[in-house]
Amino acid sequence: MSGSQTERSEIQSEIDEEIAFHLEEAVRERVAAGLPEDVARASAVADFGNVGKVRIACQRQRLWRDHMMQRFHMTLTLFLALCTGFFALQWARAHGARQAAVEAQQALISASKAAEVLRPERATRQDLTRYAVGDTLRIVDMVEPDRFHFAQQIRVDGMILMPDIGWVRAEGMTRQALSDELNRAMSPYHVNPPQFEISLEEPSLHRVPPVSSITVAAEDSIRFADPVRPDEWSGEVRVQPDGTCLFPVIGRLQVAGVTRPDLEALVRERMALFYRDGHSEALIDIVKAPR
Amino acid sequence: MEALPAGTLDLLVLSVLRKGAMHGYAIVSRLKETSEEVLAVEEGTMYPALHRMERKGWLESEWRKNDTGRRARFYSLTAEGKARLLKAKKHWKARTKAVGRVLGVDLA
């Protein structure tokens with residue numbers, strides 16, 4: 001196999017840089033011709049076409065050996081997969097586009113770990129009545145368990161990431177209070193609102209206060225996803241030594257020293273310039289590099 | 001503007017690059033300009049085609065600074081690409097002559 005993880009990451013980074021350059025040149029030319037910048041950006045993206053599909057097509061050309069081996073493997077296993085594929089298709093049709101958005105968010109949140117323990121105190125039975133940084137919660141929708149059923153770890157800043165509603169404070173909340181908060185926040189998004197049952201799947205060994213101002217640093221990784229366009233805008237990038245990061249579509253941003261909420265706001269503002277409907281729900285998660 | 005006839009993108013890209021190395025955006029602009037805006041390429045489709053032609057050995061690429069100082073990937077023809085261009089042009093001429101004969105029009 002020719003595509004090691006590092007090689008894939010480098011190839012993807014080069015593809016993104018090439019596309020970002022194209023869009024910037026297109027915007028520059030349109031602005032020079034007298035168009036306002038926001039109109040120039042929207043026109044450049046429209047003329048470019050579907051950025052996500054172009055990225056995938058370029059990746060396939062660059063990693064064509066891996067791609068051919070994958071196709072061969074898929075052909076061999078197709079017969080066995082046929083029966084389960086039929087039932088999966090029935091289920092996927094029922095949950096359709098909604099699942100794509102939920103999976104994009106779950107991919108973003110699935111592997112994060114709490115870090116930076118400050119003044120640790122060992123957990124006691126009394127402490128467990130209120131959630132703390134590092135606790136892993138099991139969140140299930142009792143109305144339709146297939147709709148929401150996942151585990152979430154409370155981040156260093158005391159937040160958890162929920163589909164539809166984004167970041168929610170969980171640190172310091174009791175089980176009932178958090179459940180009521182999630183039910184209240186989710187109800188406008190669903191005809192048949194969920195009723196969440198929350199359980200403490202694994203408590204953090206140490207009870208520590210949340211850190212509100214975690215900032216991005218060089219060598220950290222940033223996971224990103226936009227539930228509005230999950231196929232086109234999701235992935236992970238490494239922060240360069242100069243403190244910048246290259247994102248698809250919106251290009252290179254200075255991210256070192258920026259907190260997660262501020263970075264999220266900045267990314268959403270930039271994304272809105274590139275899409276005609278001006279709407280983005282981009283989500284950002286910071287994965288700290290070991291130090 | 002009209003969509004490109006099927007199978008002509010490779011020929012057009014190879015032809016544009018015979019004049020020298022260019023990045024993807026410059027190739028798209030040159031195509032539009034030379035065809036006087038008649039031929040339209042959905043700009044993003046250029047890049048998978050460029051990567052495919054590089055994989056086949058018709059093009060080679062390198063990262064360089066452009067005239068505004070920004071880093072860009074420049075593509076140029078290889079010897080194999082030049083041979084491919086000659087062959088494709090011959091084939092194109094033969095095809096258009098044949099179409100012209102059927103239509104009763106001189107397309108030479």
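How much area is buried between chain A and chain B, and what percentage of that area do carbon and sulfur atoms give? I started there, keeping in mind that this is a predicted model.

**Entry 1: the A–B interface**

I got about 2100 Å² buried between chain A and chain B, with 52% of that area coming from carbon and sulfur atoms. Next I looked up who takes part: chain A puts 21 residues into the contact, and chain B puts in 24 residues.

Then I went after the charges. I found 5 salt bridges between chain A and chain B. One that I noted down is Arg73(B) with Glu14(A), whose side chains meet at 3.4 Å, N to O.

Which elements of chain A give two or more residues to the side that touches chain B? I listed helix H1 (5–32), helix H2 (37–48) and helix H3 (51–62) of chain A. H1(A) gives the most, with 12 residues.

**Entry 2: chain B on its own**

I counted 4 helices and 5 strands in chain B. Going along the sequence, I read the pattern as β-α-β-α-β-α-β-β-α. Chain B has 108 residues, and 38% of them count as buried. I also checked sequence separation: taking contacts in chain B between residues at least 6 apart, 49% join residues at least 24 apart.

Is helix H1 (residues 9–17) of chain B largely enclosed or largely open? I found 7 of its 9 residues buried, so the rest of the structure largely encloses this helix. The buried ones I wrote down are Leu9(B), Asp10(B), Leu11(B), Val13(B), Leu14(B), Val16(B) and Leu17(B). I then looked for what covers them, and my list includes strands E2 (22–23), E4 (59–65) and E5 (71–77) of chain B. Helices H2 (24–34), H3 (46–56) and H4 (79–103) of chain B are also among the covering elements.

**Entry 3: a strand pair in chain A**

Last, I looked at strand E12 (residues 283–287) of chain A, which is mostly covered, with 4 of its 5 residues buried. I see 5 bridges joining E12(A) to strand E8 (residues 221–225) of chain A, and the two run antiparallel. Which residue of E12(A) is the bridge partner of Arg223(A)? I noted Asp285(A).

Definitions and conventions:
Residues are numbered from 1 along each chain as its sequence is written. Chains are lettered from A and ligands numbered from 1 in the order in which they are written. This is a predicted model: local features need pLDDT of at least 70, side-chain atom pairs count only at pLDDT 80 or more; totals for chains, interfaces and linings use all residues. Side-chain values use heavy atoms; hydrogens and water are left out. Buried means under 20% relative accessible area, exposed over 50%, partly exposed in between (1.4 Å probe, protein chains only). Two strands pair if DSSP finds at least two bridges between them. Contact means heavy atoms within 4.5 Å. Buried area is the accessible area (1.4 Å probe) that two parts lose on being put together, summed over both. A salt bridge is a side-chain nitrogen of Lys or Arg within 4 Å of a carboxyl oxygen of Asp or Glu.
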